[in-house]
Amino acid sequence: MTSNTQLLIIGAGPGGYTAAFLAADLGMDVTLVDPSPHLGGVCLHHGCIPSKTLLHATNIISESKEAEAFGITFDKTHIDLDKLRHWKNSVTTKLANGLNHLCKQRKIHTIQGKATFENSNTVCIHRPDESKEKLTFEKAILATGSSPVRLPNIPDSTRILNSTTALNLENIPKSLLIVGGGYIGLELGSVYAGLGSDVSVVEMTDGLLPGVDRDLVRPLERRLKRILKKTSLNTKVTHIEETNQGLLVTSENAKGKSDSQEYEKVLIAIGRKPNTADMGLENTNIKLDKRGFVKVTTQRQTADSAIFAIGDITGEPMLAHKAAHEGRTAVETLHGKNTSFEPKAIPAVVFTDPEIATCGLTENQATKENRAVKIAKFPWAASGRALTLNRNEGVTKLIIDPESQKILGVGIVGPGAGELIAEGVLAIEMGTTADQLQSIIHPHPTLSETLMESAEAFLGQSTHIFRPKK
Ligand code: NAD
C-alpha cells in the first residue's frame, strides 16, 4: 500500500511535534511517524519531564530536612516508591494525552512505526505488527533525536542503567555508581541520593559539568559533597563484572592507579549520540559530519533538498527547546518565509539543587577565544530574597562586551536559576546593554533582582554590594 503526504515528519519528540503542529496550523497536510504509540519522545517519556518530576519530589525531602535550621522539623521521611512512580507516570501520561488531543484537533495523520528512506521522496514504514507501508512525500523533516552512548566492553546486565531505565525507578539501590558527571549523571544522581541511595560519581575530566564556568559549578559541588558518597575526577571506568550481589567496578585515575568497588547498580551517563543508523539515509543525498550529526543549513535543510533535519541529530546542544525552535525554522522555510536558525543565546539548565543555568557566551568560551569581556557578578548572599529562602550560595553573573557594554552571556547558579535565565536570553537577543538592564524595574524581593544588581555592579552602582567601578 502506498499513500502520500505533503510533509512527512519522522520523530514525535519536542522537535518533531512542534514542527508538525506549526505545519498543520499553516495549512499543510502533515504525517507524523514515530515508533512509540505516544507522542512526546525521549524528553516527555524518558528524559526532561520524568526527571524533573522526581527532582521536585526529592527537593521536597531535602527542603523538609533543612527546615530544621529555622525551627521546623518533620517526622522521618517515608517513601512509597510505587506511589512516586505512579505520580511520575501520571504526569507524562497527562502531557502525552494532551499532545494526542492537539494532534487530532489539527488533523495530523499519525503512524506508529519506524521509517526507512527508499529514496529522497519515499519511506517504508515498518509497523510494530510487522506490516509495512510505503509513503511518498513532497518534503520531510527528520527529528529522530539521540540515544545514550554505551560504555564499551561492559556486561549485559539489568543492574547497569541508562537514563531511560534509571527513570523507571525499579528500586532504591543501596549503592549506585554514576559514570559521567554531566547533566544526566548529576540530575539522576541527585534523585537517587535524595531517595536514600549511597551515590558515587566517576568523571573522566578534571571537573563536574565540563564546559560550564567553574565559579558556577562550585556552589553545586559544595552541596553535592553533602549528598554524594564520593566523587572521583580524572577517573575512568575500565571494567565492570557482574557478581552475585551486584557489580564489581574497576576504575583507573589519571595517574594509572586502579581501584575496584562493588555497587548494587551502575548508571552510565557519558553522553548521547544521534539516531541516524538503519534509516536508509544512504538512499538519500543527506550528508553526515565526522561525529555523525546530519549536516544542515541555517534553515535546517540537509544536503538533500527535499529533507530537513532538526534537534539532537543536527548537533549540540542536545536540548528540547533548541529542537523545537529548529522545527519552527524548518516549517517556516517550507512555508516560504525568509528565516534562519541563528540564535545568539540558547539557554541550558542543569536541574540539580542548586540549578545551574547559562545562555550566550560563557567566560570559559571567551577565554578560549581570547575575546575581551568584562565579568560582573552579584552574590546571592546580598539578596534579601535568597536569605528568606535560606539559600545564599547562589551567584548571578553577566558576561559583557567592554566596548558596547552589551550583555553577551548570563550564568546563574542557585535555586530557580532555570526560571531566571529566560530574562538573560531576552537581554542577549534584544542587544540589551548593562545600563539598560540596570534601569529596568525588577520586583522586590525576588531573585530576579540579582540580574539587575549584576548590571548595577558592572556600573559600580550596586545598591546591595559595595564594589566601586575601577
Ligand atoms: P554530558 O555530555 O552532559 O555528560 C557526560 C559526562 O560524562 C561528561 O562530563 C564526560 O566528561 C563524562 N564521561 C564521558 N566518558 C566517560 C567515561 N568513560 N568515564 C567517566 N566519565 C565519562 O552527557 P549526559 O549527561 O549523558 O547528557 C547527554 C545530553 O543530554 C547532554 O548533551 C545534554 O544536553 C542533554 N541533557 C540535558 C539536560 C538538561 O537540559 N537539563 C538533562 C539531561 C540531558
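Begin by selecting Thr339, which, leaving aside its neighbours within four places in sequence, is in contact with Gln299, Thr329, Glu332 and Thr333, where contact means heavy atoms within 4.5 Å. The model is a predicted one, in which local features need pLDDT of at least 70 and side-chain atom pairs count only at pLDDT 80 or more, while totals for chains, interfaces and linings use all residues. Residues are numbered from 1 along each chain as its sequence is written, and side-chain values use heavy atoms, with hydrogens and water left out.

Stay with Thr339 and show the loop that holds this residue, between α8 (320-334) and β18 (348-350); helices (H or I, at least four residues) and strands (E, at least two) are DSSP runs numbered from the N terminus. Thr339 counts as buried because its relative accessibility is 16%, and buried means under 20% relative accessible area (1.4 Å probe, protein chains only).

Next, select the ligand, which is surrounded by 23 residues, the closest being Ile184, Glu187, Glu203, Gly271 and Val349; a residue belongs here if one of its heavy atoms lies within 4 Å. Helix α6 (residues 183-195) gives the most to this shell, with three residues.

Now zoom in on the backbone N or O atoms: one of Tyr183 lies 3.2 Å from an oxygen atom of the ligand, one of Ile184 lies 2.8 Å from a ligand oxygen atom, and one of Gly271 lies 2.9 Å from a ligand oxygen atom.

Finally, colour the shell around the ligand by residue type, and you will find 13 nonpolar, six polar and four charged residues, with Gly counted among the polar ones.

Methods: Polar contact = N/O pair within 3.5 Å; in protein donor to acceptor, adjacent residues only side chain to side chain. Buried < 20%, exposed > 50% of the residue type's maximum accessible area, 1.4 Å probe, protein only.
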